Amino acid sequence: MKVSRQLAALEPMVLGTLREVEGEDWHRTLAGKWSLVQVVQHLGRGVDSSAAVFEARAEKRGMKRRSTPGQAVARHLVLGLGRLAQRREPPQATVPEDRPDPEATLAQFRMGVARFQAMTETWPEERQVNVFVRHPYLGDLNLPEWARFHFVHGRHHTRQIRTLLRWLAATKA
């Protein structure tokens, strides 16, 4: 299933390039940008919080998708084309701290991904597509759609991570 492959790829895609990062490099950044650990915390908070809402709604029945026509178009563009069209302000719950702890941040990201993987492996397909959690810009998404969103969102931020890693390497050269 495509969802399982994308979830399996999410952790190595985001964290794979960060294996050699140590100490203060986690917190160094360009002016006005997030640090490496802040990017990961933003992603981890998003994955973890959406997983928590799905878990709380596991037995909920009869849900209907709620979204505006604009959200429906945005949902199809993001999930279908796999691109985040424009910069948006992140939901407050996903805004990173000033200096997050790298170990705790990596653990939260991994645990959120694991929670999503567990649901996709244990929930019947009917439940996966009929339980919805609100996304602030895309409207209600079901479990496979949220997994796809987290993959697209992670890929978007992986580009930022690579840019920061190149900058860090250049400052040390």
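A crossing of two helices is left-handed if the near helix is turned anticlockwise from the far one by less than a right angle, and right-handed if clockwise. Keep that in mind for this structure.

What are we looking at? This is a predicted model, where local features need pLDDT of at least 70, side-chain atom pairs count only at pLDDT 80 or more, and totals for chains, interfaces and linings use all residues. Residues are numbered from 1 along each chain as its sequence is written, and side-chain values use heavy atoms, with hydrogens and water left out.

One more convention. Helices (H or I, at least four residues) and strands (E, at least two) are DSSP runs, numbered from the N terminus.

Now the helix pair. Helix 2 covers residues 36-56 and helix 4 covers residues 102-122. They pack at an angle of about 35°, and their axes are 8 Å apart. Axes here are lines fitted to C-alpha atoms, for helices over the stretch in contact, and angles run from 0 to 180 degrees between N-to-C directions. Helix 2 and helix 4 cross in the left-handed sense. What sits in their contact? There are 13 nonpolar, 6 polar and 4 charged residues. Nonpolar means Ala, Val, Leu, Ile, Met, Phe, Trp, Tyr, Cys and Pro; charged means Asp, Glu, Lys and Arg; the others, Gly among them, are polar.

On to the rings. A pair of aromatic rings is described by the distance of the centres and the angle of the planes. Rings of Phe, Tyr and Trp (its six-membered ring) pair if their centres lie within 6.5 Å; planes under 30 degrees apart are stacked, over 60 edge-to-face, and the rest tilted. The structure has 3 aromatic pairs. Take Phe54 and Phe116. Their centres are 6.0 Å apart and their planes stand at 75°, so this pair is edge-to-face. It links distant parts of the chain: Phe54 is in helix 2 and Phe116 in helix 4, 62 residues apart. Both are buried, that is, under 20% relative accessible area, with exposed over 50% and partly exposed in between (1.4 Å probe, protein chains only).

Phe54 also pairs with Trp123. The centres are 6.2 Å apart and the planes at 70°, so that pair is edge-to-face too. Trp123 lies in the loop between helix 4 and helix 5 (125-130), 69 residues from Phe54. Trp123 is buried. Phe54, Phe116 and Trp123 make up one aromatic cluster.

What lies over the face of Trp123? Arg127 does, at 5.4 Å from the ring centre. The rule: NZ of Lys or CZ of Arg within 6 Å of the ring centre and within 35 degrees of the ring normal.

Next, the strands. Strand 1 (residues 132-135) and strand 2 (residues 139-142) pair antiparallel over 4 bridges. Pairing requires that DSSP finds at least two bridges between two strands. The two form a hairpin with 3 residues between them. Arg134 has Asp140 in strand 2 as its bridge partner, and Val133 stands opposite Leu141.

Last, two single residues. Leu36 is in helix 2. Is Leu36 buried or exposed? Buried, because its relative accessibility is 0%. Arg155 is in helix 6 (residues 143-172). Arg155 counts as partly exposed because its relative accessibility is 24%. Its C-alpha atom is 9.1 Å from that of Gly82, 73 residues apart along the chain.
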